[in-house]
Amino acid sequence: MKAVGFTEFGGPEVLQVLELPAPDTGPGEVRIRVHAATVNTVDALQRSGPSGSSDAQPPFVPGMEAAGVVDRIGPGTDTDLKVGDRVMAIVLPGGSRGAYAEQVVVPADSVVRAPHGATDVQAASLPMNGLTARLALDTLDLEPGQTVAITGAAGAVGGYAVQLAKADGLRVVADASEQDEALVKELGADVVLRRGAEYPDRVRAEIPDGVDGLVDGASLSGLTARAVRDGRRVVTLRGFDSPGERGVVFEPIVVFRYARERAKLDRLRQQVEEGRITLRVAKTLPAEQAAEAHRLLAAGGIRGRLILTF
């Protein structure tokens, strides 16, 4: 099968088209003929260099989100999926098993049907980023009517967090640059304040007692404590967990915790079909142009996802 990966760490130029053996399915697994895979920041981090210890050997194939068609189901697998079903999946890459490939094998609990009416390209943009936003809000555990602040609201995780928070009945105070303000309002934010290091102070000016919780998609880290009420939580996406002032707790999350939460992934599918979640695609590129996709991602300013097609 064709895949895109690397044999040494480095910049986007290390990405190359590879010919690898097609993976087989074991019990409890589903194989997907991938039509689309999303390019995410975590893919670039994997490409740049190893983090932590791993026994995996090259070649390495990145990619955490895929959409396509079921083409094999492992023996004894408990699933209502059938060969030929259109699906989307969250993929935990390891060695040569990542989403940047014509075929990928995932646990049955990591794959659900694609949203009705969505293309494969659109469906590929949801699983990992959507589950990250869902985990962030579940970690805050707020009640309908409470207020959540969201930084990085125009980004992939931030945009889903805004829409999911509104679906949960929360009041949303989001950040945005001037050019993104209309987009963030369209996503459903109740209040949109200018992004940047002064955003927490702007939140306090708008809500003197502070918000009930915060999702930090912009990596403002310790600065965000100023926006939050005493003793409340800030969910961080990049591992920040230093002690906060006034009893504010920083809680880092990793989407791996939800990688096999099939019911939550399927609920995201339903919310797309209900019009509660918007799938945003910035640009589609053939898999052979993966290096260019990584360069575009590094340049910043992407609104929506970059998708590779196979």
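A search of the whole structure finds 28 salt bridges. The term covers a side-chain nitrogen of Lys or Arg within 4 Å of a carboxyl oxygen of Asp or Glu. The model is predicted: local features need pLDDT of at least 70, side-chain atom pairs count only at pLDDT 80 or more, and totals for chains, interfaces and linings use all residues. Residues are numbered from 1 along each chain as its sequence is written, and side-chain values use heavy atoms, leaving out hydrogens and water.

**Salt bridges**

| Pair | Closest N to O distance |
|---|---|
| Arg-113 and Asp-80 | 3.4 Å |

Arg-113 forms a salt bridge with Asp-80. This pair links distant parts of the chain, 33 residues apart: Arg-113 is in strand E7 (residues 111-113), Asp-80 in the loop between strand E4 (65-73) and strand E5 (86-90). Helices (H or I, at least four residues) and strands (E, at least two) are DSSP runs, numbered from the N terminus. Arg-113 is partly exposed at 29% relative accessibility. Asp-80 is also partly exposed, at 47%. Here buried means under 20% relative accessible area, exposed over 50%, and partly exposed in between (1.4 Å probe, protein chains only).

Asp-138 lies in helix H3 (residues 127-140) and Lys-264 in helix H7 (residues 262-273), so the pair ties together parts 126 residues apart in sequence. Both are partly exposed: Asp-138 at 26%, Lys-264 at 27%.

Glu-292 and Arg-295 pair within helix H8 (residues 290-299), three residues apart, and so are separated by about one helical turn. Glu-292 is partly exposed at 34% relative accessibility, as is Arg-295 at 41%. Elsewhere, salt bridges that share partners join Asp-80, Lys-82, Asp-85, Arg-113 and Arg-262 into one network.

**The sheet**

Six strands form an open, parallel sheet in the order E10-E9-E8-E11-E12-E13. Two strands pair if DSSP finds at least two bridges between them. Strand E10 (191-194) and strand E13 (249-252) stand at the edges; each has a single partner strand, so one side of each lacks a neighbour in the sheet. The twist averages 20 degrees from one strand to the next.

Strands E8 (residues 147-151) and E9 (residues 171-176) run parallel, joined by four bridges. Ile-150 has Ala-174 in E9 as its bridge partner.

Helix H6 (residues 199-206) lies across E8, E9, E10, strand E11 (211-216) and strand E12 (228-236), at about 140 degrees to E10. Contact means heavy atoms within 4.5 Å. Axes are lines fitted to C-alpha atoms, for helices over the stretch in contact, and angles run from 0 to 180 degrees between N-to-C directions.
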